[in-house]
Amino acid sequence: MQSSRGALVGAPLLRAALGLGLGPGPRRAASEAHGQGWLQPAGYDTGVKVYNSRTRRKDPLIVGSADATSWYSCGPTVYDHAHLGHACSYVRFDIIRRILTRVFGCNIIMVMGITDVDDKIIRRAREMNVSPTSLANLYEEDFKQDMAALKILPPTVYLRVTENIPQIISFIEGIIAKGHAYSTAKGNVYFDLQSRGDKYGKLVGVAPGPVGEPVESDKRHASDFALWKAAKPQEMFWASPWGNGRPGWHIECSTISSLVFGSQLDIHSGGIDLAFPHHENEIAQCEVFHQCKQWGNYFLHSGHLHVKGKEEKMSKSLKNYITIKDFLKTASPDVFRLFCMRSSYRSAIDYSDGAVLEAKHLLLAATAFVEDARAYMRGQLACGPIGEDVLWERLSHTKGAVKAALADDFDTPGAVDAVMDLIHHGNRQLKAVTKEPGGPRSPAVFGSIVSYIEQFFETVGISLADRQFVSGDSGSATLHSVVEELVRFRLKVRQFALATGEATREARRQQLLERQPLLEACDTLRQDLVAHGISIKIEFLLFLWGRKIGPELTSVPILLYFICGSPPQHGLMSGALSPHPGSKPANPGHQGRAHQT
Ligand SMILES: [Zn+2]
């Protein structure tokens with residue numbers, strides 16, 4: 001298609017635009033860390049100790065600059081729907097990115113490459129009888145929608161492989177010029193692994209062996225890997241100095257990262273299966289191209305998602321996967337996020353319905369506590385004297401424990417445990433109901449705890465305020481308002497249809513007959529909304545207004561509606577509308593509880 005040769009033309013401009021300056025290389029302290037030959041970078045010490053796959057130990061996370069922390073994330077190969085295994089990896093790194101930003105003061109520039117030309121894409125497009133380009137476009141959009149549904153922050157910039165072919169060609173030429181790659185008569189270009197000597201194997205330390213190469217391979221050594229693949233008949237291709245072809249997989253990430261960050265890269269992330277050979281090869285390519293000692297200071301790898309009870313990871317090829325879309329029909333993105341947080345990002349994670357349910361219960365417990373604490377602050381929750389000193393002490397202890405956990409290789413399970421422990425202590429105080437409520441009150445300490453807990457969840461991308469909207473996406477609040485308007489309107493129409501203003505029995509019958517279509521329309525609307533997971537019903541609720549108890553219990557009709565996949569089983573009420581504008585509202589803080597009683 002094209003073969004322009006602008007040697008990384010875009011790089012200086014993009015670097016300047018992102019505030020990275022035009023300077024070439026990394027600023028490193030001369031101090032060589034012991035073992036592995038890893039160079040501890042100079043710059044901003046985040047205070048975090050992170051497990052670095054390059055050294056296989058926890059290293060202090062020091063980034064080039066707090067204002068422009070560089071992070072490259074391998075992106076998807078867009079040939080099919082993403083599944084829960086992918087979701088898990090991207091959610092875990094999204095949580096780490098948020099923590100680094102909000103807790104440890106890094107302004108992160110995240111670059112993600114999208115592989116939109118690849119053997120799998122070509123094969124799938126052929127099966128589906130569509131062009132590889134339209135297939136890739138379709139699944140790229142699908143991927144972005146899934147990420148948004150999971151509340152994963154988009155990278156600062158996505159770069160597509162097919163939009164950077166000239167830059168990839170230039171990168172390959174640079175590697176050839178430095179004597180680390182060779183082209184063949186067939187029009188392939190390979191990285192010459194032997195030229196790397198013992199510098200290869202920085203991540204996993206394995207010596208590459210020949211792996212299932214076809215007999216007709218034109219490589220010099222079986223373990224050399226392709227930088228450029230000569231075009232096969234009926235495949236998409238680009239013109240290059242070596243003939244028509246397309247880039248190999250590993251070279252894409254090296255080029256795209258270098259386009260934005262040059263030879264400097266603080267953090268590189270991906271699933272553990274990418275460590276070898278993909279990341280190993282990226283390192284080899286970049287270090288010879290940039291002629292630098294260390295490209296990519298920290299490599300972070302996430303563990304696989306396993307299907308409970310099986311050794312195997314969730315994957316397309318094993319056909320044991322759950323798509324993100326299917327999963328989100330059964331649980332909210334916040335529940336999935338908490339599920340992911342309950343294990344270290346590095347460890348394999350067992351997926352089971354029970355584990356998801358546990359996360360759901362934890363989130364409900366946190367929400368219920370926050371609502372109870374708010375009710376207490378409003379004076380709507382009768383409660384004996386509070387052990388205020390104990391709570392202040394617990395809050396302070398929790399803050400320290402959470403920060404320490406997060407600074408220890410982003411120990412999210414430890415942080416969640418600390419927060420749930422604080423909730424446990426808060427609940428114990430709120431449960432201390434006495435026969436005679438009154439006496440001194442301690443709203444400030446509960447206010448402080450609520451504020452801290454909400455802030456904690458907000459930091460990791462979970463919104464407790466949105467809890468009642470189980471669908472969980474960013475449009476929930478709007479959806480909630482629209483549904484509320486719609487339900488209110490339906491109620492008015494229905495009341496009008498059933499109103500009996502006429503004096504005679506016959507006139508009333510006639511009036512009802514005339515208004516029957518309105519009632520039918522109301523019924524149809526109710527049935528149709530069920531298909532969207534919204535259920536409307538009238539309930540007569542007993543609720544407690546203020547501190548009145550006993551005979552003052554009032555029975556008031558409340559119009560309820562639920563929004564979620566399977567609302568009634570969750571026992572989580574999404575909203576309650578009072579049918580009469582003048583009547584007292586149910587205590588919104590106790591909707592869920594009221595429903596269960
Ligand atoms: Zn990559």
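Guide: We'll take the metal site, then salt bridges, cysteines and cavities.

Visitor: What am I looking at, and how are residues numbered?

Guide: This is a predicted model: local features need pLDDT of at least 70, side-chain atom pairs count only at pLDDT 80 or more, and totals for chains, interfaces and linings use all residues. Residues are numbered from 1 along each chain as its sequence is written, and side-chain values use heavy atoms, with hydrogens and water left out.

Visitor: Which residues coordinate the zinc ion?

Guide: Cys-74 (SG), Cys-253 (SG), His-278 (NE2) and Glu-282 (OE), at 2.0 to 2.6 Å. Donors here are N, O and S atoms within 2.8 Å of the metal (3.2 Å for Na, K and Ca); water is not among the atoms, so sites may look incomplete.

Visitor: How are those donor residues spaced in sequence?

Guide: The pattern is C-x178-C-x24-H-x3-E. Cys-253 lies in helix α6 (residues 249-261) and His-278 in helix α7, so this pair ties together parts that are 25 residues apart in sequence. Helices (H or I, at least four residues) and strands (E, at least two) are DSSP runs, numbered from the N terminus.

Visitor: Are Cys-253 and His-278 buried or exposed?

Guide: Cys-253 is buried, at 5% relative accessible area. His-278 is buried too, at 1%. Buried means under 20% relative accessible area, exposed over 50%, partly exposed in between (1.4 Å probe, protein chains only).

Visitor: What's the geometry at the zinc ion?

Guide: Irregular, with angles of 72 to 133 degrees among the four donor atoms. Four donors count as tetrahedral if all angles lie between 85 and 135 degrees; four count as square planar and six as octahedral if opposite donors are over 155 degrees apart and all others between 65 and 115; anything else is irregular.

Visitor: New topic. How many salt bridges are there?

Guide: The count is 25. A salt bridge is a side-chain nitrogen of Lys or Arg within 4 Å of a carboxyl oxygen of Asp or Glu.

Visitor: What does Asp-146 pair with?

Guide: Lys-325, at 2.6 Å from N to O. Asp-146 lies in helix α4 (residues 132-149) and Lys-325 in helix α8 (residues 324-330), so the bridge ties together parts 179 residues apart in sequence. Asp-146 is buried at 3%, whereas Lys-325 is partly exposed at 32%.

Visitor: And where do Arg-196 and Glu-287 lie?

Guide: Their side chains form a salt bridge at 2.9 Å, N to O. Arg-196 lies in the loop between β9 (189-191) and β10 (225-230) and Glu-287 in helix α7 (residues 275-289), so the pair links parts 91 residues apart in sequence. Arg-196 is buried at 6%, and Glu-287 is buried at 3%.

Visitor: How many disulfides?

Guide: Zero in the whole structure. A disulfide is a pair of cysteine sulfur atoms within 2.5 Å. Among the buried cysteines are Cys-106, at 2%, and Cys-522, at 4%.

Visitor: Last one. How many cavities?

Guide: Three of 30 Å³ or more. A cavity is a set of points, on a 1 Å grid over the protein atoms alone, where a 1.4 Å probe fits but cannot get out; lining residues have an atom within 4 Å of a point. Grid points are joined across faces, edges and corners, and a volume is the space filled by probe spheres set on the points.

Visitor: What is the volume of the largest cavity, and which element gives the most to its lining?

Guide: About 120 Å³. Of its 15 lining residues, the closest to the centre are Tyr-90, Met-110, Met-112, Ile-152 and Leu-153. α2 gives the most to the lining, with four residues.

Technical notes:
1 Å grid on protein atoms, 1.4 Å probe; cavity = no way out; pocket = protein on both sides within 12 Å on 5 of 7 lines; lining within 4 Å.
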